[in-house]
Amino acid sequence: LLFAPLDLGRLLGRLGHSRGRRHFRWRRELHNVKQAQGPERIGAEWWRDGKEQPSRDYYVVENEAGQRFWLYREGLYPMNGGSSAQAPRWFMHGLFA
């Protein structure tokens, strides 16, 4: 990685689950999402230390300018509109050349 994963806060619109306008802010710039591929889910290695870790869903996201980003969501959204103790968080994992 070129940099540590950066917390993107809350992405507006759930990638892969929303038909509305989807965008995220990174380094003070707003990126409108043109398309997203994913998720690819990576689960924690629960058998190693016994601590429960949130799952990660990875997405390849392209903005309207053609830039491609590798984002991941840590945690899950509640099912059927229920509430969750902790909302999922989005992170920038990397960039594609």
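## Overall architecture

The secondary structure of the chain comes to one helix and six strands, where helices (H or I, at least four residues) and strands (E, at least two) are DSSP runs numbered from the N terminus. The elements follow the order β-β-β-α-β-β-β from the N terminus on. This is a predicted model, in which local features need pLDDT of at least 70 and side-chain atom pairs count only at pLDDT 80 or more, while totals for chains, interfaces and linings use all residues. Residues are numbered from 1 along each chain as its sequence is written, and side-chain values use heavy atoms, with hydrogens and water left out.

Of the 97 residues of the chain, 32% count as buried, that is, under 20% relative accessible area with a 1.4 Å probe and protein chains only. Among the contacts (heavy atoms within 4.5 Å) with a separation of 6 or more, 41% come from residues 24 or more positions apart.

Strand 4 (residues 56-63) pairs with strand 5 (residues 68-74) in the antiparallel sense over seven bridges, pairing being assigned if DSSP finds at least two bridges between two strands. These two strands form a hairpin with four residues between them, and Gly 66 in the turn has a positive phi of about 90°. Within this pairing, Tyr 59 has Leu 71 of strand 5 as its bridge partner.

Strand 5 is also joined to strand 6 (residues 89-96) by seven bridges, again antiparallel, and here the bridge partner of Phe 69 is Leu 95 in strand 6.

## Aromatic pairs

A search of the whole structure finds seven aromatic pairs, counted if the ring centres of Phe, Tyr and Trp (its six-membered ring) lie within 6.5 Å, with planes under 30 degrees apart taken as stacked, over 60 as edge-to-face and the rest as tilted. The rings of Tyr 58 and Tyr 72 have their centres 5.3 Å apart and their planes at 40°, so this pair is tilted. It links Tyr 58 in strand 4 with Tyr 72 in strand 5, 14 residues apart, and both residues are buried.

Tyr 59 and Trp 90 form another tilted pair, 5.4 Å centre to centre with 45° between the planes, which links strand 4 to strand 6 across 31 residues. Tyr 59 is buried with a relative accessible area of 1%, and Trp 90 is buried with a value of 0%.

## Surroundings of Glu 62

Glu 62, in strand 4, is buried with a relative accessible area of 16%. Not counting residues up to four places away in sequence, Glu 62 touches Asn 32, Val 33, Lys 34, Gln 35, Gln 67 and Arg 68.

Note on methods:
Buried means under 20% relative accessible area, exposed over 50%, partly exposed in between (1.4 Å probe, protein chains only).
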